[in-house]
Amino acid sequence: MAAQERTETRVEVDGRVLTLVNLEKVMYPRTGTTKAEVLHYYAQVAPVMLPHLADRAVTRIRWPHGTGDASFFEKNAPSGTPSWVRTVAVPTTGSRSASGEDGELRFPVVDSLATLTWLVNLAALELHVHQWTVTRTGRPRNPDRLVIDLDPGEPAGLMECAQVALLVRERLAEDGLETVPVTSGSKGLHLYAGLAGDLSADEVRDYAKEVAEDLERSHHSLVVSQMTKARRGGKVFLDWSQNTGSKTTIAPYSLRGRETPTVAAPRTWEEVEAGAEDVLGLEHLRYDEVLARIAEEGDLFSA
């Protein structure tokens, strides 16, 4: 098959001139969703997404030939990164106490629509972030939020995740934490809680592990806190390890590199409660559905 001829379109975004390539390329073969449509989604969602990316080192997953082909993770800013893109050198351990001897990675920080557009033009469909922000010099601060990733083991699904989410919400509320649910756009649910920033990443991770173990003891037929896949069948794994300083989680409002263009979408607790009662009560959302919800309800992640 002959290689696709490269096409270029020059646009101005936030005063920066960008060359967008191959806008007609199909990024999601199952739905026919093109690169132009992906870029349009990110441009439309940027007003609510960018505040949640602010000062966070961004890891990308890129699909150069669309989701029907191979992908790769990218942490360092790639060669040819424009001089106007903010980058930060972060210790590889993700720890505030890490010394320069441990090495470092130079991540991009997505602080503008121009930077977001530039990354998406490189076929970065997924944006992943840590639960901490960085200083101007790139040093990680203490986490400003906690995340628990609810990962269902077959035959469990989103309904079981919703049931466990209600348990997690109740447990975190006992410690004064308010939780925001996000359907991951993949299999499960992510639960976020804002933090004051007075705990280290290790302390937040240990607290999340304690919560997971508490719920496993009290709801052992539904919840598992251990990572061993053999123990997850029919249960929901509470992945507390996402709070480890070096780990990242899909950013709220990011597209997913699945067969269809689903999104890590903030939800209401009413939706989660409905999903806990009905297997069809809660489903993952596509990018067009997310944009419609934002137009009607605003940013549920900051609500």
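Two strands count as paired here if DSSP finds at least two bridges between them. With that in hand, take strand 5, residues 58-62: strand 5 and strand 6 pair in the antiparallel sense, over 3 bridges. Keep in mind throughout that this is a predicted model.

I'll stay with that sheet for a moment. Strands of a sheet pair through backbone hydrogen bonds, either parallel or antiparallel. In this one, 4 strands make an open sheet, and reading across it the order is 6-5-9-15, with antiparallel pairing. The edges are strand 6, residues 72-74, and strand 15, residues 249-250, each of which pairs on one side only.

Now the overall layout. The protein chain is split into domain 1, covering 8-141, and domain 2, covering 142-297. Their C-alpha centres are 23 Å apart. How many residues of each domain are in contact with the other? On the domain 1 side there are 33, and they touch 31 residues of domain 2.

In terms of area, about 2,700 Å² is buried between domain 1 and domain 2, and carbon and sulfur atoms give 55% of that. Three residues stand out on the domain 1 side: Tyr28, Tyr41 and Gln131 supply 28% of the area that domain 1 buries against domain 2, more than any other three residues.

What about specific contacts across this boundary? Between domain 1 and domain 2 there are 17 residue pairs in polar contact, counting pairs with both residues at pLDDT 80 or more. Helix 1, residues 35-53, and strand 9, residues 124-129, each supply at least two residues of the side of domain 1 that touches domain 2. Helix 1 gives the most to that side, with 10 residues. By type, the residues on that side of domain 1 divide into 14 nonpolar, 13 polar and 6 charged.

Next, charges. Side chains of opposite charge can pair when their charged atoms come close. The count between domain 1 and domain 2 is 3 salt bridges. Elsewhere in the list of pairs, Asp144 forms a salt bridge with Arg56, and the closest N and O atoms are 2.9 Å apart.

The structure as a whole holds 19 salt bridges. One of them links Arg86 and Asp55, with the closest N and O atoms 2.7 Å apart. What does this pair tie together? Arg86 sits in the loop between strand 6 and strand 7 (87-91), and Asp55 in the loop between helix 1 and strand 5, so the pair ties together parts that are 31 residues apart in sequence.

Last, two details of the backbone. The peptide bond that joins Glu154 and Pro155 is cis, with omega about 5°. Pro155 is in the loop between strand 10, residues 145-152, and helix 3, residues 158-173. The other detail is Asp14, which has a positive phi of about 50° although it is not a glycine. Asp14 is placed in the loop between strand 1, residues 8-13, and strand 2, residues 16-21.

That is everything I have for today.

Technical notes:
Residues numbered from 1 in each chain as written. Predicted model: local features only at pLDDT ≥ 70, side-chain atom pairs only at ≥ 80, totals over all residues. Heavy atoms only, no water. Domains from an automatic or database assignment. Contact = heavy atoms within 4.5 Å. Buried area = accessible area lost by both parts, 1.4 Å probe. Salt bridge = Lys/Arg side-chain N within 4 Å of Asp/Glu carboxyl O. Polar contact = N/O pair within 3.5 Å; in protein donor to acceptor, adjacent residues only side chain to side chain. Nonpolar A, V, L, I, M, F, W, Y, C, P; charged D, E, K, R; others polar.
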